[in-house]
Amino acid sequence: MKRRSLIQKSLAIGSMASTGLLSHRQLFAAGPVKVGVMIPMSGPAGLFGPSAKNCAELAVAEINARGGLAGSPIEMIVSDAGVPPAEASQAALKLWKGQKVQAFIGMHDSAVRGALVGVFKGQVPYIYTSTYEGGECSAGTQVLAETPAQQLEPVIPWISKERKLKKWYLIGNDYNWPRDTNAMAKKYIAAAGGSIVGEEYLPFTTDNFDASLAKIKATGAEAVLITLVGGASVGFNRAFASFGLSDTVTRLGTLIEENTLAGIGAQNAANLYSSSGYFAAIDTPAAIDFAKRYTARFGAQAPPLNALAQSVYDGFLLLEAMANKARSMDPQKLEAAAKGVSFSSPRGQTTMQDRHGKKDIYLARADGSGFKVVQVFKQVGAGKNC
Amino acid sequence: MDASAVTLALNLIYHIAVLALVGLGLGIVFGLLGVMNMAHGEFIALGAYAMLAVQNHGLAPGYGVALAVLGTAALGYPVERWLVRPLRSRPLDTLLATWGLSLLLRKSIEAVFGRQYQNVSNNLSGTSTLLGAEYPDYRLLLIVVIFVGFALLALWYRRSPAGARLQASVANRPLAQAIGIDVDRQACVAFVCGVASAGLAGALLAPLVRVEPLMGMDYLLDSFFVLVVGGLGSLSGLAAGSGIIGGTQVVVSTISDQTGGYVAVLLLSIGFLWLRPNGLLARR
């Protein structure tokens, strides 16, 4: 009997330690804080679900090891945001009212963001992290997402000078992010002394880019600004290279991350640049260490790191900074604490300003198998959003 | 002719050829079995992933083509025998069953290869100058392969005894059975050939297109439009459908934009379904 109870006890302790219960009880007096993580687990962006979930898990483990949110451990609840906005907001409402979630972190499209903002009405802290078109300024919402101002304002003059680019062709999918991005891009291109020789928006169903490529060739464009997303970007860039355009025409994208580049293929990525707040290839000590911790926790076969997934990690860091400054999880206090709060992440230093993050922007060039950062733009503001 | 006109003409020919290649499998299966194979696109995806698997093992692309054809054929046999045949004469049920199969195949691809985009490299990535226009070599090769392939196929279908038996089974199944043609076997061969041609299409297109688990859906839709316009169950219908759909899309998207091209294709398909549901060159 004695031996059996010993086995039972050690099993119980073992399972508690493995689920993290033991460490929480030792570290924390208060009960856990539930944080809702809205990320695409299905749909076209579902590709980013697994890596985003990993980044969230890593953030929660690290923050809990440091003492949690204002003294309480985080318990994260992941919900699929790759669904229509009405469904996503229903799911968020259930988490908030049903499961008593006290803060949300979201990496998803703007339609879902609009629906969530409408549900939350500033009553619960919400941090939005994926690259977007700018202009979100609702109460209770903090935005870590890069805006076109951040991704293009410093980059277009630099690359125009570096590669001697005058004639730009703008191509994107037909929805608000590409259109709003291009509206900003036109100003920056004009300011840099360039001109627009073509502008085109393709439906999501497009899988034949021949007509667009013929136009790019006919207009004599020297640079193409790409705001096609996911599979459309892969298909376009492959066809672009197959026509031999990549040797003479520079490509710049604001949503070409590691997965998209892998699909495009190294042989099709000559003179392809990408502007983003994060690349797996950033070679600062903080970014290298982050990638090491990710690989150590999830293994070498884990879904690769990319800007969208990593933004969820930064979302947790912002929540941590807000909670520790406010010393509370009260929505009003967190909202007040968000103003001017600063935190350091694998991306560098981020400071909140007008509900947006002021941060470093990286310009990377596709190089052999991955990206190589060629220029860092320090502390770029998100532009006018409020 | 100036270079842009030559490029347009080549784009047109290429697009029509690819539509015919992609639509062939769906056309064979519908024409001979009366089954709308909703998993058609996934068999194309399997062909592309066969190329990827071979590339990942460092083998020559030729093995990929062989693996794509043999692999999809080997999968096609049990599907016909135990999924399609028991549901014969129940078109709606075969639609649902093959739709279920498409989900299963998609998820299986995801489980084995992951959700991410894959790159099948192109060993013929140069371009050639043709009448002043620069055009990708691989596309030129593909155009030739598809045209020769279809010419041989048409010849075989019209002239060979096996082709005659197939034509008989398509035209009048009970009568064909009465004169001693094993129609069940014909159907099985047709299904296996249909999905193997989809696998071949996937393998040939893989170096040019995006490769990911959901890629099949585009091809199913394209093939469906081709068959709606061209009529189901004949090679000439397939050729006519590819020509009209491909031509409309390329020409309209060149003179207006891609949205216009897509709208034109949709309107055309709706028009045909409404006014000429049997297509241009109907089987019956």
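The model is predicted, with local features needing pLDDT of at least 70 and side-chain atom pairs counting only at pLDDT 80 or more, whereas totals for chains, interfaces and linings use all residues.

Let us start with the domains of chain A. Domain 1 covers 31-146 + 284-353, and domain 2 covers 149-276 + 365-380; such bounds come from an automatic or database domain assignment. Between the C-alpha centres of domain 1 and domain 2 of chain A there are 28 Å. Where the two domains of chain A touch, 13 residues of domain 1 are in contact with 14 residues of domain 2. Here, contact means that the C-beta atoms of two residues, placed from the backbone, lie within 7 Å. On the domain 1 side of chain A, the touching residues are 7 nonpolar, 4 polar and 2 charged. In this sorting, Ala, Val, Leu, Ile, Met, Phe, Trp, Tyr, Cys and Pro are nonpolar, Asp, Glu, Lys and Arg are charged, and the others, Gly among them, are polar.

Now for the two chains together. Chain A brings 29 residues to the contact and chain B brings 30 residues. On the chain A side, β7 (195-202), α9 (210-219), α10 (231-242) and α11 (258-264) each supply at least two residues. These helices (H or I, at least four residues) and strands (E, at least two) are DSSP runs, numbered from the N terminus. By class, this side of chain A has 10 nonpolar, 14 polar and 5 charged residues.

What about the inside? The largest nonpolar core has 196 residues, and A:V312, A:L319, B:A48 and B:A190 have the most contacts inside it. A nonpolar core is a set of buried Ala, Val, Leu, Ile, Met, Phe, Trp, Tyr and Cys residues joined through C-beta atoms within 7 Å. A residue is buried if 20 or more other C-beta atoms lie within 10 Å of its own, exposed if 12 or fewer, and partly exposed in between, with C-beta atoms placed from the backbone. Helix α1 (residues 3-33) of chain B gives the most to this core, with 16 residues. Domain 1 and domain 2 of chain A both give residues to this core, so the core lies between them. Leaving aside neighbours within four places in sequence, A:L319 is in contact with A:V35, A:L69, A:A103, A:I105 and A:I127.

In chain B, helix α1 holds B:V18, which counts as buried because it has 24 C-beta neighbours inside 10 Å. Helix α2 of chain B is mostly covered, with 14 of its 17 residues buried.

Finally, back to the strands of chain A. Strands β11 (residues 342-345) and β12 (residues 348-353) of chain A pair in the antiparallel sense over 4 bridges; pairing requires that DSSP finds at least two bridges between two strands. β11(A) and β12(A) form a hairpin with 2 residues between them. Next, β12(A) pairs with β13(A), again antiparallel, over 3 bridges, and A:T351 stands opposite A:K358 in β13(A). In that hairpin of β12(A) and β13(A), A:D354 takes a positive phi near 50 degrees. Strand β13 (residues 356-367) of chain A also pairs with strand β14 (residues 370-380) of chain A in the antiparallel sense, over 8 bridges. There, A:I361 stands opposite A:F377 in β14(A).

How values were computed:
Residues numbered from 1 in each chain as written. Chains lettered and ligands numbered in written order.
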